[in-house]
There are 2 protein chains.
Amino acid sequence: MKRIKCKIAYDGTFFNGFQVQPKGRTIQGEIEKGIQKLHKGTHVKIYASGRTDTFVHAKGQIFHFDTPLLIPLERWHDALQTVLPSDIAVLEVSEAVKDFHARFDVISKEYRYFVQRGRRMDVFRRHYRYFYPYQLSVDNMVQAANQILGTHDYTSFCSAKTDKEDKVRTIYSIEIIEKEDELEFRFVGDGFLRNMVRILVGTILEVGRGRRNPEDLILVLNSRDREQAGHTAPGHGLFLWQVNYNN
Amino acid sequence: MKRIKCKIAYDGTFFNGFQVQPKGRTIQGEIEKGIQKLHKGTHVKIYASGRTDTFVHAKGQIFHFDTPLLIPLERWHDALQTVLPSDIAVLEVSEAVKDFHARFDVISKEYRYFVQRGRRMDVFRRHYRYFYPYQLSVDNMVQAANQILGTHDYTSFCSAKTDKEDKVRTIYSIEIIEKEDELEFRFVGDGFLRNMVRILVGTILEVGRGRRNPEDLILVLNSRDREQAGHTAPGHGLFLWQVNYNN
């Protein structure tokens, strides 16, 4: 058996999230269906770095699977792309060491969140940008973001639907970048709870709009109460950008 | 009655073309349905600068319609956007003179066609760029394009399905611009026949790839035979960019 590590991009617009569901098209479902074709009907389970929600995109999701197939490494890329739909792209394929695990071995992850500003929504970005047509103070948003960096219990910024007991995570950096009519948020952390990036973005945008003070963020964090944080920004502005492993 | 002139953008991905059809969602159909709501159920016909094919997008389509409504001009923009779906955006609304006609008064039109190069299709551009993963000589393409500028009978570059008798048109300019992994074609002319931009792009790309000589284009043009030209590039790479009128 070989362990294959694969880096993919996907447009989340037409998926019902990552994880296989009883109903609806999912990213995991489409990938496993494709890999099953390569294995003449035998089901092969894949293990990803983590799930992504409905409408969330990826520029660098990682998964692994084990295979008895003797396909040469350089042919795996095309073999996989051939059995995947047009909204999932294979970016890199490599052979991993036997004990590599796409979820357990994650060192850090980067998510990016994109906001379209201005008066009118751009039809060509409607599936990839959160349209937020309000005056924003980027200075206040940066000040708010800086308050919640570091190692904390992020219960306030986590969906109640989580199945994780331990809510302590480390955020290494949050960058907020203005580019023409867009805002780009870059989050790097050792891991993120369910909806965490989206709730952080929603709350920071409320600071930017003047509905909250930048200093409130530390109070929200300390409350460990989801109700104290802001709205969950929609999934379609979010991209799983990069997953980092040792070596 | 007032004559309202409207500039719109649309993402053509989920439309069955512009013109109302017995089956399928069309741009004209969605707009007329929306305007009908504003007129309490009375159907109002719109007149556009021209049709666009299935999957073709617009950044600056123009249409007009007549209305007895006394909505102040500054409120028309929001009124129209409210009744239109999220893949059609109102860009500008103005009151036109009584005898303005969105089709008959066109002075020139600009179409742009976008090609994605490189080895792998980008999932996020798959509905907006023609993926053409071949080595291309841009110099040869520019040379080919320059041969067919001017006033000619463009029968060779027109779909047989056209309903136009007169195939003489004037192309004022063709620019071919390289930008990172993309090629952008800009066509300005007094009007374009059915599929004309797409057949021109398909033929010029075949020159770029070395399957035709740049000098062939004038022979293709003079043959007045659609069979002599190249393939019809797909609709999803094409944008109706701008429509120009006198004044």
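Keep in mind that the model is predicted.

Let's start with Asp53(A). The UniProt record, an unreviewed entry, places the feature "active site" at this residue. Where does Asp53(A) sit in the chain? Look in the loop between strand S2 (47-48) and strand S3 (57-67) of chain A. Is Asp53(A) buried, partly exposed or exposed? Its relative accessible area is 24%. Buried means under 20%, and exposed means over 50%. So Asp53(A) counts as partly exposed. Now its contacts. Set aside the neighbours within four places in sequence, and Asp53(A) touches Gly17(A), Asn195(A) and Arg198(A).

Next, helix H1 of chain A. It runs over residues 27-38, twelve residues in total. From first C-alpha to last, H1(A) reaches 17 Å, close to the expected 16 Å. Go to the N-terminal end. Thr26(A) caps it. A side-chain oxygen of Thr26(A) lies 2.9 Å from the backbone nitrogen of Gly29(A). After the helix comes Lys40(A), with a positive phi near 50°.

Which residues of H1(A) are buried? They are Ile27(A), Gln28(A), Glu30(A), Ile31(A), Glu32(A), Gly34(A), Ile35(A) and Leu38(A). And what covers them? The cover includes strand S1 (2-10), S3, helix H2 (73-82) and strand S4 (88-96), again in chain A.

Last, the cysteines. How many disulfides does a search of the whole structure find? Zero, over all chains. Cys6(A) is buried, at 1% relative accessible area. Cys158(A) is buried too, at 3%.

Technical notes. Residues are numbered from 1 along each chain as its sequence is written. Chains are lettered from A and ligands numbered from 1 in the order in which they are written. This is a predicted model: local features need pLDDT of at least 70, side-chain atom pairs count only at pLDDT 80 or more; totals for chains, interfaces and linings use all residues. Side-chain values use heavy atoms; hydrogens and water are left out. UniProt positions are given in the numbering used here, feature names are shortened, and annotations may be inferred rather than shown by experiment. Helices (H or I, at least four residues) and strands (E, at least two) are DSSP runs, numbered from the N terminus. Buried means under 20% relative accessible area, exposed over 50%, partly exposed in between (1.4 Å probe, protein chains only). Contact means heavy atoms within 4.5 Å. The expected span of a helix is 1.5 Å times one less than its number of residues. A polar contact is a pair of N or O atoms within 3.5 Å; within protein, one must be able to donate a hydrogen and the other to accept it, and residues adjacent in sequence count only if both atoms are side-chain atoms. A disulfide is a pair of cysteine sulfur atoms within 2.5 Å.
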